[in-house]
Amino acid sequence: MCPPESGTAAQDLSGPVLLTPGAATAPPAHAPAIAEPIVPNSADELALAVIAAQHGDEAAFSRVYRLVHPGLLRYLIVQVGTDAEDIASEAWVHVCRDLADFTGDGDGFRGWVATIGRHRALDHIRARGRRPADATPAEAFTGIASADDTPRQAEESLSTATALALIGSLPPDQAEAVLLRTVIGLDAKSAGAVLGKRPGAVRTAAYRGLQKLAKTLEVDEHSQSGRAD
C-alpha cells in the first residue's frame, strides 16, 4: 500500500486543480428530485481518503499520496536539495507504519506528514554535519517535470522551480514558514505545531519572507526592464 521507492516514477508537482463554479449543468425540469451530492473540499476529501486508507483501501492510500506528496516534496527540496526524494520516501515509510494510529482531519494529516518529513530532513542534515547552502542548487529541480509533460506543464514546472529557489534563498525560519503556509497549505496553528512555534510567530516569519520575495521579484523585473530598454 505504500508509495513506490524514490526514482521509480516521475514526480507530479503540478498544482491543485481549481474547479470553476457552475461547471455542472442543471438537471432537466422533468427529472425526479434527488439530493445533491456533497462535494468535499480538498481537506475533507483528504480526511475521507485517510480514513479509508486506515481500513486497508489501497486506492484511497494512492489518493492520499497524490494529494499530499507534491507539497511535501517541494518543502523537502528547499530543505535538503537533491536528497529530497530519498527523504520523502523515508517519511512515507514512517507514514505507512503509523497510519493506523493517526487521528485528525485533512489539515491535521498534512501537518503530521510535514512534521515527519521535517524530522527526517533535520536528521539527514545533522548526519551531513551542516545545513544545506542558503540557495538550493539548481540541479535539485531537474527532473521535476515528467518526460511526457506538455510544453505548458514544463513551463509550470520551471515556474515552480524558480519559486522554490527564491524561497530557498530566505533565512531558514522564514523559508519554512512560507513553505508550510503557502506550499503545503497549513494554517498558522498547524504550521506552528510543525515548527514548535506560536501561530503569531509563524505568521510574522511568513509575512517577512513574502515581503522579501516581493522585493526580490520587483528588483528582477526592474533589471529585466532596464536590459530591454
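Mentor: Phe102 counts as buried because its relative accessibility is 10%; the word buried means under 20% relative accessible area, with exposed over 50% and partly exposed in between, using a 1.4 Å probe and protein chains only. Keep in mind that this is a predicted model, where local features need pLDDT of at least 70 and side-chain atom pairs count only at pLDDT 80 or more, while totals for chains, interfaces and linings use all residues. Residues are numbered from 1 along each chain as its sequence is written, and side-chain values use heavy atoms, leaving out hydrogens and water.

Now for the ring's partner. Rings of Phe, Tyr and Trp (its six-membered ring) pair if their centres lie within 6.5 Å; planes under 30 degrees apart are stacked, over 60 edge-to-face, and the rest tilted. This rule gives five aromatic pairs. One of them joins Phe102 and Phe109 edge-to-face, at 5.2 Å centre to centre and with 85° between the planes. Phe109 is buried too, since its relative accessible area is 0%. Elsewhere, Phe61, Tyr65 and Trp92 make up one aromatic cluster.

(Helices are DSSP runs of H or I with at least four residues, strands are E runs of at least two, and both are numbered from the N terminus.) Leaving aside residues up to four places away in sequence, Val64 touches Leu46, Ala49, Val50, Trp92 and Phe109, where contact means heavy atoms within 4.5 Å.

Let's finish with one of those helices. Six of the eight residues of α7 are buried, so α7 is largely enclosed by the rest of the structure. The buried ones are Ala188, Ser190, Ala191, Gly192, Val194 and Leu195. Just after α7, Gly196 takes a positive phi of about 70°.
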